[in-house]
Amino acid sequence: MTDFKSFYDKLRASVKENLPKTELDERKAEQFYILCDCLIEQNKKINLTAITDIDSIIVKHIVDSVAVIDYIPENSRVIDVGCGGGFPTLPIAIMRADVHITALDSTAKKLNFVECCSQKCGLSNVETLNIRAEEASKLEQYRESYDIAVSRAVARLNILSELCIPFVKIGGEMLALKGNSSKEEFEEAKNAFFKLGASKTELILYSVKFGQESLERGIVRTKKTASTSAKYPRQFSKIKKAPL
Ligand code: SAM
């Protein structure tokens with residue numbers, strides 16, 4: 001692991017270039033440093049990520065996740081569906097002490113990492129939930145009870161929508177972080193948004209600089225305007241076989 005000063009310089013430069021309105025102070029940079037250290041160390045024992053060098057972690061995990069924070073209203077209750085090794089959960093929790101985030105994943109060992117890393121970073125706004133998304137959102141305590149559902153790298157948007165939108169309150173939003181297939185996935189998922197009760201939708205396209213490369217990114221915003229029918233979500237085999 002690189003020393004803190006060179007980490008902070010690299011992180012600050014990437015945030016300035018890619019997210020110029022975002023303020024990053026030294027305390028937050030320290031928390032990101034601890035997160036990277038935990039991720040690199042734990043990844044030697046359990047498979048959390050294929051991205052392991054510090055420059056790539058800064059851009060492809062941290063900056064990529066922080067890009068969503070401007071779309072999360074103050075004091076929101078957020079759920080991250082399929083958080084894996086904690087993205088975007090941990091960057092959101094570091095940057096936004098006002099939000100409370102539930103990190104959901106079906107794999108317990110990944111959530112153990114998220115819990116351990118949250119503790120080491122001194123975060124008190126993260127909780128974990130070990131269950132499949134399509135089972136959790138059938139339960140009264142989770143269904144339509146979040147202001148925001150975020151998700152990254154879990155499934156194609158027409159499938160992901162059925163996993164995320166049932167968690168969202170009317171008036172809340174799903175924010176899906178997508179890569180270079182955003183436009184195509186957005187068009188393909190319009191029927192799913194409508195059927196799940198999210199009729200106001202928007203695709204925000206932007207790019208993230210990584211050295212000489214420009215990585216195409218998209219944030220899909222879907223606002224929930226009606227309650228989701230009790231028939232959704234279906235069993236995962238059905239969602240996958242016949243996406244809405
Ligand atoms: N969001 C993280 C990221 O961007 O680095 C992790 C992405 S990883 C490729 C996908 C994660 O979604 C895995 O940890 C997997 O266990 C979880 N997952 C996939 N389908 C799920 C479901 N139906 N319910 C809960 N978790 C799910």
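I began at helix α1 (residues 4-18), where F4 and Y8 are 4 residues apart and therefore separated by about one helical turn. Helices here are DSSP runs of H or I with at least four residues, strands are runs of E with at least two, and both are numbered from the N terminus.

I noted that this is a predicted model, with local features needing pLDDT of at least 70, side-chain atom pairs counting only at pLDDT 80 or more, and totals for chains, interfaces and linings using all residues. Residues are numbered from 1 along each chain as its sequence is written, and side-chain values use heavy atoms, with hydrogens and water left out.

I then looked up ring pairs of Phe, Tyr and Trp (its six-membered ring), taking centres within 6.5 Å as a pair, planes under 30 degrees apart as stacked, over 60 as edge-to-face and the rest as tilted. The count is 5 aromatic pairs.

Next I turned to the ligand. I found 16 residues around the ligand (a heavy atom within 4 Å), and the closest are G82, F87, D105, A133 and R152.

I checked polar contacts, which are pairs of N or O atoms within 3.5 Å. A ligand oxygen lies 2.6 Å from a side-chain N or O atom of D105. A ligand nitrogen is 2.9 Å from a polar backbone atom of A133, and a ligand nitrogen is 2.9 Å from a side-chain N or O atom of E134. I also noted that β2 (100-105) and α6 (133-136) are the elements giving two or more residues to the ligand shell.

Methods. Polar contact = N/O pair within 3.5 Å; in protein donor to acceptor, adjacent residues only side chain to side chain.
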